[in-house]
Amino acid sequence: MSEYWLLIVSAVFVNNIVLARYLGNCPFLGVSTRMDTATGMGMAVIFVTTLATAITWFVRKSLLEPMGLEYLQTIAFILVIATLVQLVEMFLQKSIPALYRALGIFLPLITTNCAVLGTAVLAVENEDFNFMEGLVFAFASGVGFSLALVLLTGIRERCAVAPIPKHLQGMPVGLATAGLLALAFLGFIGMVH
Amino acid sequence: MGVAKEFTKGLWKEVPPFRLVLGLCPTLAVTTAAENGLGMGLATTFVLVCSNFIVSLLRSIIPSKVRIAAYIVVIASFVVIVELTMQAYFYPLYKVLGIFIPLIVVNCIILGRAEAFASKNGPVLSIADGLGMGLGFTLSLTFLGALRELLGSGTIFKHAVLGPSFEPFAIMLKPPGAFICLGLILATMNLISTRKS
Amino acid sequence: MLSAILAIGGLGLFAGIGLAVASKVFYVYVDPKIVAVEEALPGANCGGCGFPGCSGAAEAIAMGKADPTICVGGGPDTHAAVAAILGIEVKEVEPEIARPGCYYGPQEADLKYVYDGLNDCRAAMLLNGGAKLCPVGCLGLGSCVKACPFGALSMGDDGLPVVNASLCTGCGTCERVCPKHIITLTSNSRRVTQEYTLDQCSAPCQRTCPAGIDIPAYIDAAGRGDYLEAVRIIKEKNPFPLVCGRICVHPCENECRRNLLDEPVAINPIKRFVADYEMKSGSRIPIEKAPATGKRVAVIGGGAEGLTTAFFLARLGHEPTVVEGKSHLGGLLRTIIPDARLPKDVLDWEIQGILEAGVTAQTNKKLGRDVSIQGLLDDGYDAVFVATGGWDSQMTDGLPTQPVQALPGVQLLVNLTFAHMAGNAPAVGGDAMIVGGGNASIDAALLLKELGAQHVHVVFRSPREEAPFKDEEIQAAEAQGVIFHFRSAITRMFGKGAELTHVEVASLENYVPGETLQQLHAKAALQQIPVQTLITGAGRFPELIYAPVYELRGEGDQQEAVRTDRWETVVPYAGPFAEEDVGIFRPGEATSDYKAVVEAIGAGRRGAISVHKRLLGEEVVAPPGMIRRTTTVLNVDRLEPLSPQPREKMPALSPAEQLANPKAEVELGFTEEQVRREAQRCLRCGLICYRRTVQEPESLAKSA
Amino acid sequence: MRDLVKMVVVLTVICSASGLVLSYVNEATKEPREYQLLKYVKGPSIKAVLPEGYENDPITDKIVFKMGTDEKGHPVEKTIFPAKKGGKIVALAYDSAAPGYHGNIAVMIGVDLEGKLTGVSIMTHTETPGLGARVEEPQFTQQFAGLTLSEELNLSTRGGRIDGISGATLSSNGVVNAVRQALEQFPKIKEEVL
């Protein structure tokens, strides 16, 4: 059990997918201006990341590795993720319209969110996790993304009313804020080996 | 005339990571040195040009419902080609760029150009667009990489520039430095743009 | 090589089939109308419609749950486009526009402290309500400007928001973000129905005006030389500027802050000048009106009050008809004000203006003789408003020998007594009730018993111990079967056709002034007492709204409201001068015979608003926080040193000229120069702000 | 229905075409990729363990043959990197692995034709940083040079000549075991190579 906890702490704080691994930066800076969209995006990413990692794990272990086609991993994974996202979107629209209204508009954006593909590649190839570990890692990475996104949004919502020099308004100060946030997360280094 | 326009817009007016604030992950992650930025930029440019070309050729036969999936397959194929080629001939760079090479496939710039430009224009214009955007992206990454390398290691393209008495800002090579450097560049570009107009 | 083709091709096949199957299995019909409507909406997601964003509104509109006109941000063009998509007709909506309600920016106003925090009003508000001493003043940090989705607001040099009227769509986003609620939407209807409340800036003069005219605004307009704008501002509260400009008792001038310095601003003469200016111009300014509602209202009484009610009902989009017993409109204005003070041609011009604003008049139609309440209701009027006036017209008609049934089941005590003296008193069947009447009421109660009433009720506002009788008298009357209701008020009457059936009486035992009937009702049940004859002790009929009762018939979706021949009365909401809010004949306002035309005008406008609310199905109550005579309002009791400037003298006929021509108007009215000078004496007061540096007349003349 | 079929067909065709192209690229880049991989992953270790003075590129001259089977019975490929001087093989480098404290420790050994170790280098491991990971340090790996498969090739606690890392006996022993396993294969390898 404890290794799963370590995995979670590591993925959420120490090697935060956005602030330490540089993944998912476009939505991180793009949707961090309003709290309600930020939480919606966060939830959607957690959901899709976990699902995508689970499926790509099987694609890699049961399809690509036995056939010796590891070099096709990128194309196979992205095809799976793109299809998955679209299927999830259709499924939600039909079966859980309430959830679709809350997350729907974020789903198409997630296809090109490198946090999803990145997490899958990290879990399946680089770290070579077993299935459970991969699932926990993916979930925790999604949580880490949401945490970073919500933190940044909270700060940027307050920044929006602060007197900021004109040329720094918007994205520049958002990036500087993200930098300070990343600096704070550097403090977690060494917590988990 | 049109080709030149499509080409040059990517160099300043719509230069991807700075103006459109797209493709940030590789922009931030691999720009610890000018060389890495250049390599990533060129790899992305290759994929961008090729995928723009193919997508513009296929644009009339792809049904709109599987449009995104089809574009992604095209892009991913070129990414795999880049991946294999780099592994074969530029192994150290391949190692440094690591996971960000497969992630070229989800670089919003590439899918964005495929969707926004190549799917509506002919092959020649699409190539010009891809080339311009790609070069803009490459220059941006190289510039950011050079800046971070200079501040973080005191070198540019591995040539010592600042001399031994310079104490490098190690933080510039870490995520905080990446965010803050990019933020300052954006602010400077805003300043220049308003001065111009 | 084959395995690669098979693997990726297989994945592609799988994905393609998956998507193809899913697009069938999970196919959701999206109404193309929703998409089309959403595209037609502005997409600003301002929330002015009350739905979550434009997509929410689009869905509601397409489903028929909302009207195409709910998009306030888009304006008439959007409404037309949306209606065209849905294939329905678009109803006209009243244009709204944001109005910043503060006149002194942070540089000019008194401050409690210097604020140097986040550049946002809502943040500044957290620090003891903001830096301004004034509790309702604009904080000047521009939250509204940042929030405006249409870019219609900007910050002026004086630190106050400026509205670009051509861009403002009236979406109300600014109103929702302003922590002081000082920037508000205004439309014709909102301005006409406005009462001054504690959470807005008001000057002493305008709070005192019984009609509620925005005095600083019209003086400001007159000072700028925009006389017709001044008339427009006045007519939002008072349709009689010519009349009031001549004969108003102007309580406003008593409260003018200039009293602390020298003499009050000549508020009323300025009003007279701008009104005369309009009359002399020969044409009338256009009167802004709300979109037509199709509701018809009969107003009984063609005096100042009735005409005012009719005028404002017309401005609120209804179709008013004034029913006047005499051959001429104008009531007491015509009968008792001498020509030397109010020339008849001036009065005629003013009344003609009211009629042209959309008021129909029927003269020589006397209530109780030519028309009746139930007759008007049967004619299809949606409400009848009784504004029979200060002095009961029947008394001025000469002594009646037969009491006339003006209102169903209601008689004046004085008429009943006269008829009894003349030996013509009718037999009173059923149950009777007497309201008010002081000492006479016990005698009247016994008279009613004598005339055959079964039960006789006496309703008093005062408690038993304060009643104007000895306790023995009360006990004696009670012994004879008279039922007393002390500390009670009549809140409603119910009837059917020409009959009064019962009366609703509220006990005021636990009543706190300012409470509404509903709040009182929550404390104690209202009593419904069967009564066929109601005698009022006051010398006049109260203002009352007679409205038909609707009954729900049918089941479920088929249910519809059907008009019956039953009716009920609604008491107009009390104005700021009433001491109590509940019931007819409220102390402090309605029981008084109107001493001044401006009070009748105020009551007339509130009557119109009450009818309007009733017709919209809203509760007829005063706006929350309305400033009353008893309300303590922040004010100043001394002024910073200002140079005194004497009040302009009213030019008038000399005594010799008056004798030579007794019908000629004595007061001649200000000249334009006098108005400019006088307007410039105005301190443009707010709650506590006022103009501390008075412009010199010369510079003013230049700028004009 | 028509467009559904079209959807499936187009996607399948594009994917198959992509698979075709990629498999070609894969074939074309296979050789250089393997070379680069060996050069950058094993190259430094090979260089470290072989005696100085060889004249060839051991990676280019690598010798691959099948030797033994794994648990499932599949043949295992063994890659040997020979060092040549004057055209003649003077030493061999090859890798081996044995479990340490946490996971396998992969080592590269260099051995001359007499079976004497010329060097040992740790390629990959997942030992505890600061403890077991110290087996990477030259002070530890240099002790192996010159030893043969004998009692001497053991930790000093077991009567050998190798001083283990204090506090990391299992890790140290893992390295020794990996080296011993490699040397145990030496006679067979020598036979194959020469």
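**Reading chain C and a chain contact, term by term**

Strand S9 and strand S16 (residues 533–536) of chain C run parallel and are joined by three bridges. This is a predicted model, in which local features need pLDDT of at least 70, side-chain atom pairs count only at pLDDT 80 or more, and totals for chains, interfaces and linings use all residues. Residues are numbered from 1 along each chain as its sequence is written, while chains are lettered from A and ligands numbered from 1 in the order in which they are written.

User: What makes S9(C) and S16(C) a pair?

Analyst: Two strands (DSSP E runs of at least two residues, numbered from the N terminus) pair if DSSP finds at least two bridges between them. S9(C) and S16(C) have three bridges, so they pair by that rule.

User: Why are S9 and S12 of chain C called edge strands?

Analyst: The open sheet has five strands in the order S9-S16-S10-S11-S12 of chain C, with parallel pairing. Strand S9 (410–412) and strand S12 (482–485) each pair on one side only, which makes them the edge strands.

User: How do you know that C:Cys168 is buried or exposed?

Analyst: Count C-beta atoms, placed from the backbone: 20 or more others within 10 Å means buried, 12 or fewer means exposed, and in between is partly exposed. C:Cys168 has 21 others within 10 Å, so it is buried. C:Cys171 has 27 C-beta neighbours inside 10 Å and therefore also counts as buried. C:Cys171 lies in the loop between S3 and H7 of chain C; the place of C:Cys168 is in the loop between strand S3 (161–163) and helix H7 (173–177). (A helix is a DSSP run of H or I with at least four residues.)

User: What does C:Cys171 touch, not counting residues up to four places away in sequence?

Analyst: C:Cys171 touches C:Cys46, C:Gly48, C:Val72, C:Gly73 and C:Pro149. Contact here means that C-beta atoms, placed from the backbone, lie within 7 Å.

User: Which residues does the UniProt annotation "binding site" cover, and why are they said to gather at one spot?

Analyst: The unreviewed UniProt entry lists C:Cys148, C:Cys168, C:Cys171 and C:Cys174. They span 27 residues in sequence, yet no two of their C-alpha atoms are more than 10.4 Å apart, so they gather at one spot. Such annotations may be inferred rather than shown by experiment.

User: How many residues of chain B and chain A take part in their contact?

Analyst: The contact takes 35 residues from chain B and 38 residues from chain A. On the side of chain B, H9(B) gives the largest share, eleven residues.

Terms used:
Two residues are in contact if their C-beta atoms, placed from the backbone, lie within 7 Å.
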